[in-house]
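Trainee: I'd like to learn how to read a model like this one. Can we walk through it together?

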Amino acid sequence: MKCFNHHESDSVGQCKHCYKGLCKECAADTGVGIACKGLHEQDVEFLHSLIENNKNAYSNTPQSLLMSNLFVLLMGGLFVGYSLYFSGSSFLMWFGFLCIGYWASMTVYNFMLLKKIKTDY
Ligand SMILES: [Zn+2]
Ligand SMILES: [Zn+2]
């Protein structure tokens, strides 16, 4: 592949933004990829930071959700257990079942989310 600007020079890489071939003179190494010097350097860096942010969001979310869901399950079990053993309050029992139901649906949702991520990466 030849440089987009200098047809006599071999390219050392492609700009990550516009995919043009670039020679040593035209290429700027942004640290995260090669970019057209003085033209797409910031675009490439911005694109990279976007991708990194997405990765972080995906890898953090399911685990923190699972933790908060465990808390909901614990609360639900506590409410149901308390109403069964002590008060016999049907309100507390239903509230407990509601918590457990919420936990079950969120767990299924998270499971599907995790599965989706594994196929994506
Ligand atoms: Zn470019
Ligand atoms: Zn060039």
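Trainee: What percentage of the residues of the chain count as buried?

Mentor: A residue is buried if 20 or more other C-beta atoms lie within 10 Å of its own, exposed if 12 or fewer, and partly exposed in between, with C-beta atoms placed from the backbone. Here, 14% of the 121 residues count as buried. Keep in mind that this is a predicted model: local features need pLDDT of at least 70, side-chain atom pairs count only at pLDDT 80 or more, and totals for chains, interfaces and linings use all residues. Residues are numbered from 1 along each chain as its sequence is written, while chains are lettered from A and ligands numbered from 1 in the order in which they are written.

Trainee: How many helices and strands are in the chain?

Mentor: Helices (H or I, at least four residues) and strands (E, at least two) are DSSP runs, numbered from the N terminus. This chain has two helices and four strands, in the order β-β-β-β-α-α along the sequence.

Trainee: Why is Cys 3 called partly exposed?

Mentor: Because 19 other C-beta atoms lie within 10 Å of Cys 3. Cys 3 sits in the segment before β1 (13-14).

Trainee: Which residues does Cys 3 touch?

Mentor: Contact means that two C-beta atoms, placed from the backbone, lie within 7 Å. Leaving out residues up to four places away in sequence, Cys 3 touches Ser 9, Ser 11, Gly 21, Leu 22, Cys 23 and Cys 26.
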